[in-house]
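Here are my notes for you to read with the model open. Please take the points one at a time and find each residue as you go.

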Amino acid sequence: MIYGLLGEKLNHSYSPYIYQQFGLEDYQLFALAPEQVEDFLQRGDLVGLNVTIPYKKKALPYCDHLSDVARRLGNVNLLCYDKQGRIQGHNTDYQGFCYLIEQRKIELTGKKVLVLGSGGAAATAICACRDLGARIVVMVSRRGENNYRNLQRHADTQVLINATPVGMYPLVEQSPLDLDIFPRLEAVVDLIYNPLRTRLLLQAELKSVLAVNGLAMLVEQGRLGAELLMGNKIPVLKSAQVYASLLGKVENIVLVGMPGCGKTTVATIIAQRMGRKLVDTDALIEKKSGLSPAEIIEGAGEASFRQLESKVLRSAVKENGLVVATGGGAVLAPENCLSLRQNGRIYWLDRPLAALDLRGRPLAIEIDKLYRRRRPIYQQLAATRIEAAREVTASAEAIMEEFYAYTGAKRA
């Protein structure tokens with residue numbers, strides 16, 4: 001029996017993990033080019049298949065029967081095959097979207113909603129928003145009546161939903177638009193979940209606007225799909241448990257703080273205890289350049305070092321499930337701060353200046369000045385400040401304790 005996910009680019013899909021958590025162990029990924037889809041759907045040994053970008057509409061004509069929701073929306077995200085090979089097409093995204101809106105307490109009744117996109121995900125969001133009581137729902141596409149050149153006419157938008165892939169991994173530095181257009185904005189929902197915080201969501205957070213990604217929707221539609229594929233009822237509460245487990249698996253733990261405060265040592269302890277990959281940005285710089293940060297600063301100057309640091313950091317933190325130890329001055333570049341936030345929960349190790357290990361650090365003579373400049377950035381960027389005067393193991397334990405409490409994941 002073959003179960004899996006059909007799409008075009010699936011290298012970083014979370015679906016196998018989600019379905020395993022719901023009891024479906026043998027779940028595969030099928031990344032296919034458009035010309036391969038027809039033969040694949042009719043191969044004869046499939047039992048259940050999820051469908052994602054860009055095939056949700058393309059798979060529709062191959063269905064022998066459609067659920068009411070799939071027929072209404074004109075796209076499918078789940079195909080169930082019977083013993084004769086006939087295909088029942090479903091759309092569990094609709095209920096997953098409604099679940100997301102309810103769980104994040106987003107009020108749509110009487111609101112103006114702007115939906116970015118013209119594909120299957122956008123159609124689902126538009127239909128659900130109308131059903132949930134939105135006063136008006138406007139679809140924005142690249143070439144439609146409402147497009148990215150005339151957004152000003154919708155400056156009164158209250159809820160914005162991104163149903164495009166713009167900002168999705170690996171092109172994480174892209175954003176579909178600038179939120180400054182919408183002064184009345186109350187919530188931004190980005191159906192992307194990799195990265196956890198797209199540039200669009202990060203801008204919403206900076207404006208103190210509710211920012212919600214699509215991870216909970218992905219998990220809930222997975223629960224509904226698993227029910228249909230296995231024929232078993234799965235309690236809704238299980239979605240919250242799987243969401244917490246997945247978030248605890250994919251969110252990065254990022255350490256910031258002054259040079260010599262113990263970031264690398266603490267990060268190493270956390271990585272070993274949690275079974276995570278350790279990323280030390282200074283070590284990556286040395287590997288890439290063949291020179292230590294101190295040698296680069298002394299030879300080429302601090303500006304050259306910061307440029308290399310930014311390039312290395314932004315590439316590294318696109319991954320998930322890391323423990324990241326940053327250089328003390330990495331936070332000086334605003335773009336670095338966005339990169340660290342896109343997949344990471346940030347912890348500030350704050351050690352008294354007199355206790356810092358500054359051996360071999362060329363900027364140590366200006367440590368008081370550096371601290372005064374960097375302290376407000378650490379304070380603003382970090383979710384939690386960790387008193388690093390304590391023994392390093394205690395600092396590591398404090399970070400892990402807070403992280404598990406934040407994600408709701410069970411400690412291994």
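Are W348 and Y378 buried or exposed? Both are buried, and the term means under 20% relative accessible area, with exposed over 50% and partly exposed in between (1.4 Å probe, protein chains only).

1. Ground rules before you dig in. This is a predicted model, in which local features need pLDDT of at least 70 and side-chain atom pairs count only at pLDDT 80 or more, while totals for chains, interfaces and linings use all residues. Residues are numbered from 1 along each chain as its sequence is written, and side-chain values use heavy atoms, leaving out hydrogens and water.

2. Aromatic pairs. Rings of Phe, Tyr and Trp (its six-membered ring) pair if their centres lie within 6.5 Å; planes under 30 degrees apart are called stacked, over 60 edge-to-face, and the rest tilted. That rule gives six aromatic pairs. In one of them, W348 and Y378, the ring centres are 5.8 Å apart and the planes sit at 35°, so this pair is tilted. W348 belongs to strand β15 (residues 344-350) and Y378 to helix α14 (residues 367-381), so the pair links distant parts of the chain, 30 residues apart. Helices (H or I, at least four residues) and strands (E, at least two) are DSSP runs, numbered from the N terminus.

3. Another pair to look at. F403 and Y404 have ring centres 6.3 Å apart with planes at 70°, so they are edge-to-face. Both F403 and Y404 are buried. Together with Y406, F403 and Y404 make up one aromatic cluster.

4. Charges over rings. A charge sits over a ring if NZ of Lys or CZ of Arg is within 6 Å of the ring centre and within 35 degrees of the ring normal. Find R345: its charged end sits over the ring of Y406, 3.8 Å from the centre.

5. Two helices crossing. Two packed helices are described by the angle between their axes and the distance between the axes. Here the axes of helix α10 (residues 281-289) and helix α12 (residues 302-316) come within 10 Å and cross at roughly 110°. Axes are lines fitted to C-alpha atoms, for helices over the stretch in contact, and angles run from 0 to 180 degrees between N-to-C directions. α10 and α12 are therefore roughly perpendicular to each other (65 to 115 degrees; under 35 is roughly parallel, over 145 roughly antiparallel, the rest oblique).

6. What do the residues of α10 meet in α12? From α10 come T281, D282, L284, I285, K288 and S289, and they meet F305, L308, E309, V312, L313 and A316 of α12. Contact means heavy atoms within 4.5 Å. By class, this contact of α10 with α12 has seven nonpolar, two polar and three charged residues (nonpolar: Ala, Val, Leu, Ile, Met, Phe, Trp, Tyr, Cys and Pro; charged: Asp, Glu, Lys and Arg; polar: the others, Gly among them).

7. Two buried strand residues. V188 lies in strand β10 (residues 187-190) and, at 0% relative accessibility, counts as buried. Leaving aside neighbours within four places in sequence, V188 has contacts that include L160, L179, L200 and V212. N252, in strand β12 (residues 252-257), also counts as buried, at 1% relative accessibility. Not counting residues up to four places away in sequence, N252 touches R345 and F403, among others.

8. An enclosed helix. Why is helix α4 (residues 93-103) called largely enclosed by the rest of the structure? Because eight of its 11 residues are buried, including Y94, F97, Y99 and L100.

9. K105, in the loop between α4 and β7 (112-116), has a positive phi of about 55° although it is not a glycine. At 73% relative accessibility, K105 counts as exposed. S208 is a non-glycine with a positive phi as well, near 60°, and is exposed at 71% relative accessible area. The peptide bonds from I53 to P54 and from Y169 to P170 are cis, each with omega near 5°.
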